[in-house]
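This briefing is meant for a reader meeting the structure for the first time.

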Amino acid sequence: MPVHKPRVAVWKFASCDGCQLTMLDCEDALLAIADKVEIANFREASSAVVEGPYDLSLVEGSVTTPEDVRRVKEVRAESRVLVTIGACATAGGIQALRNFADVDEYRRLVYAQPQYIETLATSTPIADHVPVDFELRGCPISKAQLLEVISAYLTNRAPNVPNESVCIECKRRGNVCVLVAHGTPCLGPVTQAGCGAICPAFHRGCYGCFGPQGSPNVPSMLKELGELGMAPLPMYRVFRTFNAMAPAFRSAADSAVSEEDAP
Amino acid sequence: MIERTIHVDYIARVEGEGALKVRIRGDTVEDLELKIWEPPRFFEAFLRGRSYREAPDITARICGICPVAYQMSACHAMEHALGMRVHGELRTLRRLLYCGEWIESHALHIYLLHAPDFLGYPDALRLAKEHPEAVKKGLELKKIGNELMQVLGGREIHPVNVRVGGFYRVPTVNELAAIRPALERAMGLAEETVRFASGLSFPNIEEDYEFVSLRHEHEYPMNEGEVVSNRGVKIPMSEFEDVFEETHAPYSNALQSVHKGAGSYLVGPLARYALNHDKLLPRARSIAREVGLEDVVRNPYRSVIVRGVEIVQAVEESLKIIDAYRPPDEPYVEPPASFHASTGAAITEAPRGMLYHRYRLNEEGLIQEAKIVAPTSQNQKRIEDDVRHLVSASLSLDDTALTDACEKAIRNHDPCISCATHFLKLDIERT
């Protein structure tokens, strides 16, 4: 039986390129990874393309055009394992804010010739279109979690990526709780860990860029934010930003404001 | 009459998705379109109704390669609207954070995206198999840039520590001192990068660019200054839209800028260096002299050397800042408690060139209108001009060789297509 190195492909849909850059930012591990796998399709980094099928596809970005709807099915068909990387691929990204607005108006606001722009009315996660094997969270994803996912799939085991809250990570880091000690509104209790609790380490409240944790208590979070003096509209906006379509954050935003006050 | 069309469907080693279509009839380039098919994400639209405080984090998501640039332009534009001034150590710390992004982004482009073109490899990973030392040095330099952003910003992609008025928390003297040894090593690596880059072989091409960049009285431009060009532009940044305008071509999802009444222009390292080489710090100036770099570089391929010089500059400045650092009393300047409706605009120098932001705010500090002009939108027309000249002069090449040459000409300018739409597919059509 011929043995070939596992073939890894990196795909891009609507995104900022930050999650695929995370791969290039693994400076110490990058050449080691390149030694163990064949980087078969990674357009941002290479002009060489090896035809599929691929053992592992990392997919960045959300689906926002009719062409994307077709292409994501092709990517799935060519991939043994498909992992989405980042908030865009996993929850539609910040560009999913169009889902709550009139995209024709958006088109007119940004472009002088809106008729040249082909776009869907929605920005949707990859899992809305094809089966996904694993979703890696974050805006952007964490290097350590990316390396864990690549290692796991190359050795046929499940990735060890806990869905616990940022609070757990924050305690481990030894941060002082900004919410309790400083009264700073912080989404740590309802947000999934993985970033390293960096915002609290910089005296800032978590703003939820990894999306909802496994079992978020949203009503309690909203109550706490209100008691800390956060007004309904800012509360609505903080949930409706980088992971607006993640179900728990979507309903949190809706609960933060009464229907008539919703923007 | 022989007709040729050449198609490049997906330009590799650029940030984002684009294509190039060239139609040649006989010996004339009839049509050339740099197509950006990166899907539109509508940032200027959904920024409406958001608080001025949210703009730095939201606009950072336009580009994972230069988030600091977006955060800086957003902060300065908001501070302009709110009548705030950020001075002293806070201003200096912003430069230090930006130096981290310049080091990282330039090292990424030189070693991982651009060097393979000169040395005949499809990518840096395959280049690394035969020249491991060069690639390892590049990765180390890139990593040090990232470390600087981690210390000041919490993480390198979409840093969390930037706010209108300054930072959430400023670093301690010890936190900055801890990164000094890495930066000292980076200085050696950066100087070697300039020597490495100047030893590459370059096609003998000169372009007649209108260079546009910021210029500051006392420093190499980054966060502040006037907008100047080698053809007489000298305006405050708030007058940018009076002199430059965006147009929208039917084949592209990106807007393209022109100098009104003059045409295409170039922003980025070549422009900054041509207009500001007298402001380089001593070691940056000395390495430029050592490798015989002319004061005005018009050969776009040689931009790889200029990026190297700018890394030396950024490392040198970082060391200088760290050595003189005294933590400010407050991590930020408090924005005013009450507002009146106002408009603010600012330009800062992203690694790829000038990044313009303008915001109109209402009396509650909510964004009513946003305008963002990214470096690659400004360079797009000028990149098309470069490629048109190249194709006209290279018609004897077969389609494969011509396609390859076109892609290289595009990569010279480190286009960031994610930014420009806020991609490249090459399509050469010979008819």
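The domain bounds used here come from an automatic or database domain assignment. The model itself is predicted, and the points below should be read with that in mind.

**The two domains of chain A**

- Chain A is divided into domain 1, which covers 7-154, and domain 2, which covers 166-258.
- Between the C-alpha centres of domain 1 of chain A and domain 2 of chain A there is a distance of 25 Å, and the contact draws on 14 residues from domain 1 of chain A and 12 residues from domain 2 of chain A.
- On the side of domain 1 of chain A that touches domain 2 of chain A, the most is given by helix 4 (residues 87-91) of chain A, which supplies three residues.
- Sorted by class, that side of domain 1 of chain A has seven nonpolar, six polar and one charged residues.

**A helix pair in chain B**

- In chain B, the axes of helix 3 (residues 67-82) and helix 4 (residues 88-119) come within 9 Å and cross at roughly 150°.
- Because angles over 145 degrees count as roughly antiparallel, helix 3 of chain B and helix 4 of chain B are therefore roughly antiparallel to each other.
- The crossing in which helix 3 of chain B passes helix 4 of chain B is left-handed.
- From helix 3 of chain B, the residues B:Val68, B:Ala69 and B:Met72 meet B:Arg94, B:Leu97, B:Tyr98 and B:Glu101 of helix 4 of chain B, and the residues of this contact divide into five nonpolar, no polar and two charged.

Definitions and conventions: Residues are numbered from 1 along each chain as its sequence is written. Chains are lettered from A and ligands numbered from 1 in the order in which they are written. This is a predicted model: local features need pLDDT of at least 70, side-chain atom pairs count only at pLDDT 80 or more; totals for chains, interfaces and linings use all residues. Axes are lines fitted to C-alpha atoms, for helices over the stretch in contact, and angles run from 0 to 180 degrees between N-to-C directions. Helices (H or I, at least four residues) and strands (E, at least two) are DSSP runs, numbered from the N terminus. Angles under 35 degrees count as roughly parallel, over 145 as roughly antiparallel, 65 to 115 as roughly perpendicular and the rest as oblique. A crossing is left-handed if the near helix is turned anticlockwise from the far one by less than a right angle, and right-handed if clockwise. Two residues are in contact if their C-beta atoms, placed from the backbone, lie within 7 Å. Ala, Val, Leu, Ile, Met, Phe, Trp, Tyr, Cys and Pro count as nonpolar, Asp, Glu, Lys and Arg as charged, and the others, Gly among them, as polar.
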